[in-house]
Amino acid sequence: MELTRTEITERLREILLAADDRNRDVVAACTEDSRLVADLGFTSVSMLYMVIAIEEEFNIRFENVGVADFNTLGEVIDYIEAQLK
Amino acid sequence: MIVLYILLGLAALYLVFVFGPAAVASKVIFSRGTGTEFDRAIAPEGDFACYAEQLRAGRDLLYAEGLREVSVSSEDGLRLAADYRDAHSAYTAILLHGYHSDPMLNVSVQGACFAKRGYNILIPDQRAHGRSGGERTGLGILEQEDLLTWTRWLLAETSTRRIVVYGVSMGAATTAYASDRLDPQTVAAIVLDCGFDSPDSQIRRECVKRHLPPFLMMPVIRLLAKRRLGRDIRCSVHDSLSRTTIPAYFLHGTRDQTVLWTEGRAAFEACASKKSFYSVAGVGHAAAFLKDPERAEEALFAFLEEVDPSAGRPHISVNQTNQA
């Protein structure tokens with residue numbers, strides 16, 4: 001699957017909304033520097049959902065990494081981009 | 001004087017644009033279920049078209065097994081009706097449908113799985129749905145009492161000695177609310193399929209979907225619901241689940257936009273009893289069991305057999321139980 005960074009980001013925004021649709025404004029305004037916990041309000045449950053949804057959406061596997069390894073949205077995008085190459 | 005006119009104007013605007021719509025919404029939300037018709041839902045343009053084959057097969061098997069109508073009286077005097085299949089078994093599966101839904105649409109596939117394994121089957125029409133009485137649905141809050149009534153009826157009037165309760169959506173919420181009051185000596189397990197957290201959380205989500213401001217609408221809806229139902233709709237299933245000792249099995253589709261996967265997972269985290277979570281990739285609301293029914297059945301009964309060795313085995317008859 002070949003996706004640009006922008007396309008990955010947009011798909012990730014949809015996943016973030018699906019995890020918690022009360023945060024529409026926050027998700028719409030988020031950037032790659034947005035911190036998952038501090039800025040986007042991620043809980044352990046939403047982190048778990050994000051991993052599952054990303055694996056489904058991009059057909060990749062999170063291998064040898066845990067949710068605690070990602071601090072910002074940009075780091076998640078970096079990982080997805082690397083897995084897709 | 002001008003201030004008075006401004007206040008009266010604001011009050012009028014509030015009544016017209018907030019209170020009025022919220023009152024109408026409240027009446028509609030808690031109204032009698034008109035039901036999502038089975039045949040329309042599985043038609044080519046229906047929401048469950050891709051599962052038509054499984055749903056039709058499940059419904060046909062249940063009818064072939066011989067369902068008869070039974071009824072009880074609820075604690076508040078309503079007639080509650082259900083379809084019952086008597087396999088003369090010690091084990092009964094109670095299958096609870098969702099909000100404004102046809103029971104066969106929500107639970108026929110699951111019911112067929114239990115029936116094939118020799119369970120008695122009870123499929124109630126929840127209050128204010130189908131053949132059951134009542135003009136108001138309580139989104140699980142009132143229905144929890146009806147579930148307790150049905151369990152008492154089963155134990156008193158049938159061969160039932162052990163029960164598995166399987167609820168879908170509002171049926172799951174009903175089951176979750178009752179989970180700390182169901183008797184663990186008689187209820188072997190509860191199964192919560194895409195259950196929501198509270199009526200409040202669901203209504204709030206619908207407000208957002210329809211571009212209605214929840215911070216204005218919800219206080220009115222809560223107030224009117226308290227008058228109509230006598231209960232606070234913010235009551236979360238987490239409270240009951242955190243006190244239950246009955247083993248609980250959760251199912252949820254990752255693409256569920258009616259009740260988010262994260263909500264189902266949060267309920268699982270809150271549950272205090274032995275539990276398992278079955279996540280189904282890429283499916284929406286009330287479809288977690290339908291995507292791959294064989295795999296879902298295998299996983300469910302593996303859990304049931306783990307918590308009650310007799311619950312997973314086919315055809316546990318009253319005579320066999322007495323001999324054991």
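## Chain B and its aromatic pairs

Among contacts in chain B (heavy atoms within 4.5 Å) between residues at least 6 apart in sequence, 76% join residues at least 24 apart. This is a predicted model, in which local features need pLDDT of at least 70 and side-chain atom pairs count only at pLDDT 80 or more, while totals for chains, interfaces and linings use all residues; side-chain values use heavy atoms, with hydrogens and water left out. Residues are numbered from 1 along each chain as its sequence is written, with chains lettered from A in the order in which they are written.

**Overall build of chain B**

- Chain B has 12 helices and 8 strands, taken as DSSP runs numbered from the N terminus (helices H or I, at least four residues; strands E, at least two).
- The radius of gyration, taken over C-alpha atoms, is 21 Å, close to the 20 Å of the globule rule (2.2 Å times the number of residues to the power 0.38) for 324 residues, so chain B is as compact as a globular protein of that length.
- Its C-alpha trace spans about 85 × 40 × 35 Å along the principal axes of chain B.
- Of the 324 residues in chain B, 58% are buried, meaning under 20% relative accessible area with a 1.4 Å probe, protein chains only.

**Aromatic pairs**

- Over all chains there are 17 aromatic pairs, counted when ring centres of Phe, Tyr or Trp (its six-membered ring) lie within 6.5 Å; planes under 30 degrees apart are stacked, over 60 edge-to-face and the rest tilted.
- A:Phe62 and A:Phe70 have ring centres 5.8 Å apart and planes at 85 degrees, so they pair edge-to-face.
- A:Phe62 is buried at 14% relative accessibility, and A:Phe70 is buried at 10%.
- B:Tyr166 and B:Phe289 are also edge-to-face, at 6.1 Å centre to centre and 80 degrees between the planes.
- B:Tyr166 sits in strand β5 (residues 162-168) and B:Phe289 in the loop between β8 (275-280) and α11 (293-307) of chain B, so this pair ties together parts 123 residues apart in sequence.
- Both B:Tyr166 and B:Phe289 are buried.
- One aromatic cluster brings together A:Tyr49, B:Phe250, B:Trp261, B:Phe268 and B:Phe277.

**Helix α7 of chain B**

- Helix α7 (residues 199-209) of chain B has buried residues that include B:Pro199, B:Ile203, B:Arg205 and B:Cys207.
- The buried residues of α7(B) pack against α1 (2-29), α6 (170-178), α8 (214-229) and α10 (261-270) of chain B.
- Just after α7(B), B:His211 has a positive phi of about 60 degrees.

Conventions:
Buried means under 20% relative accessible area, exposed over 50%, partly exposed in between (1.4 Å probe, protein chains only).
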